[in-house]
Amino acid sequence: MMQNLHAHTLWKSTGLRDAALNALTLSAPEEADASVLSSFKIGQAAQTSIGLSALAAAEFHALRTSVHQDVKVEARHAALEFRSEACQDRSLWDPIAGLYRTRNGYVRIHTNFPHHPRGILVILGLQDSPSISRKDRNMCATALRSFAEWESVPQALSLRHTLPVVLIRIGDAPRRVPDERFTRPLEGIRVLEFTRVIAGPVAGRTLAAHGADVLLVTSPNLPALPLLDADTSRGKRTTQLDLTTETDKNTRRELAKEADVFLQGYRPGGLEEKGFGPTELAKLCPGIVYASLNAWGWEGPWKDRRGFDSLVQTATGFNVAEAGAFCVNEPKPLPVQAIDHAAGYLLAFGINAALCKTITEGGSWEVRWLRSLGRNELTGKPLPSKNDPEILAVLEDWEQADGTGRRMKAIKHSAELSKTPVKVGKAPVELNMNAAEWI
């Protein structure tokens, strides 16, 4: 039996068969804890979330084709995959993003999209110019809190006893018919993705790695993050729709009608307002799996707030706890965007689990994700730089999908499936490389 309490608990919570866990091999807990230098169990979070997403894909493949296989994840490789975006040539952070001291504590601002710093500057009455230095900007976005302070916030109280991954049946549909012709776990599965930044795109990238046809849809009216997009879009097709036009609204509806999975990271309620909430899509496309991310939870006074990994770390106690463990006076962020990456892989796990249920039970399903990380002793290894031999050993080549023959390096998927290795395809270099259609 696979000895990992976290994996066992999460797997059991989805109602998938217990025996499937025997096929999952993870690093021993003490090895996983030593894989990252942090006071949190990032190594265990990495190998568990990645392992479960792969195991659920393998289980779906077994239900469709009767082909069973083993899944293995090594903790250090998984931890490196939790910072796959760090392989890029330049920093992904805006110059003014970060923590700032205030009269009674600290605040963190997140300004990685161009409109974010402009908005902060407008609020503070500052001119937007390169001459304004970081020290001149006492901006406010999210207040720094300790775990104890966060636990007294009404939003934290609303999240008690909430599971990280939740599957909800939202409609009736016939059971999916098994088909032994498929050679990859998610071959033939169409994923319509409306996400940005890290968590949602990582979920889509993971589904693509297991064979899904993932069509990433973004808006031509919103800014891109080219360095980040290059990493998180690997294996996907990309297109753009202007949802302020009736033509593109109709195109989205036609794409959704033929999708197996609808993956979205819009602000809470944003798609429901446009008629694309889970209930509406379950009626439009019976049997669909509707997957959503929410930074702050599905209930409580903060449920409608936008959020990013760095803001969640700051608001909920991670930065204070990490600083205390390292005995430093300044708040300390985690060494990786662990909440974002764990969210992405656990959301992929939930999607694959829901796909399993479309075979065993039928129906349409909604998948939701929330955060959780355990504590650790400071005995782990520092993470290497992008040119370190350890990183170079886990890189693989991806052909850029622009017809030039150019290639890019990226950290390979750490989940090893014994019979259906993850797929290495092409990497789109722009967010509008393909037509808005299924192939």
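Select tyrosine 266 to begin: at 28% relative accessibility this residue counts as partly exposed, a class that lies between buried, under 20% relative accessible area, and exposed, over 50%, as judged with a 1.4 Å probe on protein chains only. The model is predicted, so local features need pLDDT of at least 70 and side-chain atom pairs count only at pLDDT 80 or more, while totals for chains, interfaces and linings use all residues. Residues are numbered from 1 along each chain as its sequence is written, and side-chain values use heavy atoms, with hydrogens and water left out.

Tyrosine 266 sits in the loop between β10 (261-264) and α11; helices here are DSSP runs of H or I with at least four residues, strands are runs of E with at least two, and both are numbered from the N terminus. Not counting residues up to four places away in sequence, tyrosine 266 touches Phe194, Leu243 and Leu271, where contact means heavy atoms within 4.5 Å.

Next, select helix α10, residues 246-257. Its 12 residues should span 16 Å at 1.5 Å a residue, and the end C-alpha atoms are 17 Å apart, which agrees; the expected span is 1.5 Å times one less than the number of residues. Colour Asp248, Arg252, Leu255 and Ala256, which are buried in α10. Seen down the axis, the buried residues of α10 fall within an arc of 100 degrees, so they line one face of the helix, the arc being that of the directions from the helix axis to the C-beta atoms. An α-helix has 3.6 residues a turn, so residues three or four places apart point the same way. The buried residues of α10 pack against β7 (190-194), β8 (213-218) and α11 (278-284), whereas Glu246 and Thr247, on the other side, are exposed.

A search of the whole structure finds 3 cavities of 30 Å³ or more, a cavity being a set of points, on a 1 Å grid over the protein atoms alone, where a 1.4 Å probe fits but cannot get out, with lining residues having an atom within 4 Å of a point. The largest cavity holds about 120 Å³ of space, and of its 16 lining residues the closest to the centre are Arg205, Ala209, Arg234, Trp398 and His413. Select α8 (199-209), which gives the most to this lining, with 4 residues. The second largest cavity holds about 110 Å³; Thr195, Arg196, Val197, Asp229 and Leu431 lie nearest its centre among 15 lining residues.

Glutamate 330 is partly exposed, with a relative accessible area of 41%, and, leaving aside neighbours within four places in sequence, is in contact with Arg101, Tyr106 and Ala323. The C-alpha atoms of glutamate 330 and arginine 101 are separated by 9.3 Å, although these residues are 229 residues apart along the chain.

Finish on α14 itself, whose 23 residues reach 32 Å from first C-alpha to last, close to the 33 Å expected at 1.5 Å a residue. Of those 23 residues, 22 are buried, so α14 is largely enclosed by the rest of the structure. Glycine 362, which follows α14, has a positive phi, near 80 degrees.

Methods:
1 Å grid on protein atoms, 1.4 Å probe; cavity = no way out; pocket = protein on both sides within 12 Å on 5 of 7 lines; lining within 4 Å. Points joined across faces, edges and corners; volume = space filled by probe spheres on them.
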